[in-house]
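Reader: I would like to learn how to read the packing of helices in a model. Could we go through one example slowly, feature by feature?

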Amino acid sequence: MMQWALVFLVVGIIAGVFGASGIAGAATQIAWILFVVGLILAVIFFIRGRGSRMP
């Protein structure tokens, strides 16, 4: 998920450089949402993985 966030961030930066502000804004918003969701999932998986497991 973080890879997709990075892809959308790069697309947003490139679109901003070329003057497509609408596409740049949308791409950076998608990148931000994917980053936050990925961060939340990483924390959840980290917490769940620390518990003791029954054999």
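Reader: Leaving aside its neighbours within four places in sequence, which residues is F35 in contact with?

Author: This is a predicted model, and in it F35, once its neighbours within four places in sequence are set aside, is in contact with M2 and A5. F35 itself lies in helix α2. A further pair to look at is F35 and W4, which stand 31 residues apart in sequence, while their C-alpha atoms are 8.6 Å apart in space.

Reader: Is F35 buried, exposed or partly exposed?

Author: F35 counts as partly exposed, because its relative accessibility of 34% falls between the 20% limit for buried and the 50% limit for exposed.

Reader: How does one describe two packed helices?

Author: Two packed helices are described by the angle between their axes and the distance between the axes. Here the two helices are α1, residues 2-17, and α2, residues 21-49, whose axes come within 8 Å and cross at roughly 160°. Angles over 145 degrees count as roughly antiparallel, and α1 and α2 are therefore roughly antiparallel to each other. The crossing in which α1 passes α2 is left-handed.

Reader: Which residues of α1 and α2 meet, and how many of the residues in that contact are nonpolar, polar or charged?

Author: On the α1 side the residues include W4, F8, L9, V11 and G12, and they meet a set in α2 that includes I23, A27, I30, L34 and L39. Sorted by class, this contact of α1 with α2 has 15 nonpolar residues and four polar ones, with no charged residues.

Reader: Where does L9 lie, and what does L9 contact beyond its neighbours within four places in sequence?

Author: L9 lies in helix α1, and beyond those neighbours L9 is in contact with T28 and A31. L9 is partly exposed, with a relative accessible area of 38%.

Reader: Which residues in α2 are buried, and what do they pack against?

Author: In α2 the buried residues are A24, A27, A31 and G38, and the buried residues of α2 pack against α1.

Key
Residues are numbered from 1 along each chain as its sequence is written. This is a predicted model: local features need pLDDT of at least 70, side-chain atom pairs count only at pLDDT 80 or more; totals for chains, interfaces and linings use all residues. Side-chain values use heavy atoms; hydrogens and water are left out. Axes are lines fitted to C-alpha atoms, for helices over the stretch in contact, and angles run from 0 to 180 degrees between N-to-C directions. Angles under 35 degrees count as roughly parallel, over 145 as roughly antiparallel, 65 to 115 as roughly perpendicular and the rest as oblique. A crossing is left-handed if the near helix is turned anticlockwise from the far one by less than a right angle, and right-handed if clockwise. Contact means heavy atoms within 4.5 Å. Ala, Val, Leu, Ile, Met, Phe, Trp, Tyr, Cys and Pro count as nonpolar, Asp, Glu, Lys and Arg as charged, and the others, Gly among them, as polar. Buried means under 20% relative accessible area, exposed over 50%, partly exposed in between (1.4 Å probe, protein chains only).
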